[in-house]
Amino acid sequence: MTQTSNQNHENRKTPPVSVKEAGGSDNTAMGSRFRELLGILRRHDLVRGLTPEKLRAVLEDMGPTFIKLGQIMSMHPDMLPKEYCQELSKLRADVKPLPFSEIKGVIEEEYKLPIQEVFAHIEKEPLGSASIAQVHKASLPDGRQVVLKVQRPGIQQVMANDILLLRKAAGLLKLLSGGDQPVDLDMVLTEMWAVAQEEMNFLKEAGNLLEFEDLNHEIAYIAAPKLEKKLSTGKILVMEYIEGPAIDDKEKLLAGGYDLEEIGIKLIDNYIKQVMGDGFFHADPHPGNVKIQDGKIVWIDMGMMGRLTERDKELIGKAIRGIAENDIGMIQEAVMALGEFKEKPDQSVLYEDISELMSKYGSLDMGEIDVAEVMMDLMEVM
């Protein structure tokens with residue numbers, strides 16, 4: 001149903017690029033990485049059982065590719081139990097930062113200039129460090145405060161190598177299990193590579209930022225960081241520095257005189273507009289990506305955006321209407337039309353899940369329904 005902004009139906013099914021296509025690698029490096037991963041698995045003593053906390057710790061130790069894999073899996077309650085999804089969602093937090101010398105190298109390589117000729121100052125301590133990029137605060141020669149989102153050096157090759165290893169492991173597991181696997185690893189890896197490619201193309205993210213700004217420019221209480229177009233490249237994104245509390249920092253918001261209920265209503269109204277009105281929405285709306293500055297809700301990090309077709313929007317609207325009208329058949333039709341199925345779904349299980357949904361919302365009038373919450377519940381049913 002949803003897709004990141006540079007994906008279409010066809011390329012979601014395209015397997016990840018091979019190591020050779022990504023820039024080449026040798027068997028020695030692959031063998032070394034394989035032994036490293038095995039060492040991490042042994043260190044965590046998986047023979048004693050796997051818990052949600054242990055799985056998260058293993059993925060963190062394995063590095064950027066596996067952190068991204070965990071992030072993707074956290075959004076798949078259809079594949080993992082809810083407690084695992086909740087624990088893996090914590091992988092959105094900061095990962096171990098790179099030394100500033102490596103970040104400096106990327107910056108100078110991109111601009112072909114010494115770093116001091118581009119920026120008046122860059123703080124060596126990062127504001128945040130994620131699986132694909134690291135963020136530093138800086139100032140321009142004219143004094144304006146900005147943030148630099150700098151891609152980790154060699155990250156595309158690292159992820160291509162890791163995904164190749166994962167594909168081989170998935171093939172072996174499929175062979176050993178006779179094809180009966182609870183998790184379709186091949187599908188997850190394809191989705192992960194598509195998302196990673198989206199996030200590794202910073203010019204695409206720059207385009208997302210400009211499109212979001214254009215779609216929301218008439219809303220006085222919504223903003224996004226201003227893009228420094230001339231300084232942004234495929235590996236470096238330069239944007240306005242947003243100095244304000246995260247949307248879940250209640251103490252700072254209250255101290256600043258903000259009305260939390262008003263913020264909540266405006267946030268939900270805008271997100272519904274993004275999804276149901278624009279069909280172009282922030283696909284990673286955790287609190288770290290939403291700040292409050294000068295009375296405005298500021299959406300940051302547009303690396304992962306979702307799109308809906310007109311048909312998608314109509315079907316979601318039909319499902320919500322079915323809930324308001326207590327019509328299980330209408331909801332079932334919408335869910336069946338929205339889904340992509342590898343085999344025929346179990347209609348009785350779907351009916352049971354929708355019945356549970358109805359018991360939660362069925363007594364509410366249309367105006368009382370929290371559309372954002374309904375959409376999340378529908379996604380879980382699907």
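1. The S9–S10 hairpin. Strands S9 and S10 form a hairpin with two residues between them, and Asp294 in the turn has a positive phi of about 55 degrees. Strand S9 covers residues 290-293 and strand S10 residues 296-299; they pair in the antiparallel sense over four bridges. Two strands are said to pair if DSSP finds at least two bridges between them. Helices (H or I, at least four residues) and strands (E, at least two) are DSSP runs, numbered from the N terminus.

2. Basis of the description. This is a predicted model, in which local features need pLDDT of at least 70 and side-chain atom pairs count only at pLDDT 80 or more, while totals for chains, interfaces and linings use all residues. Residues are numbered from 1 along each chain as its sequence is written, and side-chain values use heavy atoms, with hydrogens and water left out.

3. S6 and S10 run parallel and are joined by two bridges; the bridge partner of Ala223 in S10 is Val298. Contact here means heavy atoms within 4.5 Å.

4. Asp301 lies in the loop between S10 and strand S11 (305-307). Phi of Asp301 is near 60 degrees, a positive value in a residue other than glycine. Most residues other than glycine have a negative phi. Asp301 counts as partly exposed because its relative accessibility is 29%; buried means under 20% relative accessible area, exposed over 50%, and partly exposed in between (1.4 Å probe, protein chains only).

5. Lys112 is found in the loop between helix H6 (100-111) and strand S2 (121-122). Its phi is near 55 degrees, again a positive value in a residue other than glycine. With a relative accessible area of 60%, Lys112 is exposed.

6. Strand S4 and its partners. Strand S4 (residues 133-139) is mostly covered, six of its seven residues being buried. S2 and S4 run antiparallel and are joined by two bridges, with Ile122 opposite Ala138 in S4. Strand S3 (residues 128-129) also runs antiparallel to S4, through two bridges; Gly128 stands opposite Val135 in S4, and S3 and S4 form a hairpin with three residues between them. S4 and strand S5 (residues 145-151) pair in the antiparallel sense over seven bridges, with Ala133 opposite Gln151 in S5. The hairpin of S4 and S5 has five residues between the strands, and Gly143 in this hairpin takes a positive phi near 95 degrees.

7. Helix H9. Helix H9 (residues 202-216) has 15 residues and reaches 21 Å from its first C-alpha to its last, close to the 21 Å expected at 1.5 Å a residue; the expected span is 1.5 Å times one less than the number of residues. Phe202, Glu205, Ala206, Asn208, Leu209, Phe212 and Asn216 are buried in H9. These residues cover an arc of only 155 degrees around the axis, which puts them on the same side of H9; the arc is that of the directions from the helix axis to the C-beta atoms. Asn201 caps the N-terminal end of H9, with a side-chain oxygen 3.2 Å from the backbone nitrogen of Leu203.

8. A buried lysine. Lys313 lies in helix H12 (residues 310-324). Lys313 counts as buried because its relative accessibility is 8%. Leaving aside neighbours within four places in sequence, Lys313 is in contact with Val275, Met276, Gly277, Asp278, Gly279 and Leu308.

9. The chain as a whole. The chain contains 15 helices and eleven strands. Of its 382 residues, 43% count as buried. Among contacts with a separation of 6 or more, residues 24 or more positions apart account for 62%.

Notes:
Polar contact = N/O pair within 3.5 Å; in protein donor to acceptor, adjacent residues only side chain to side chain.
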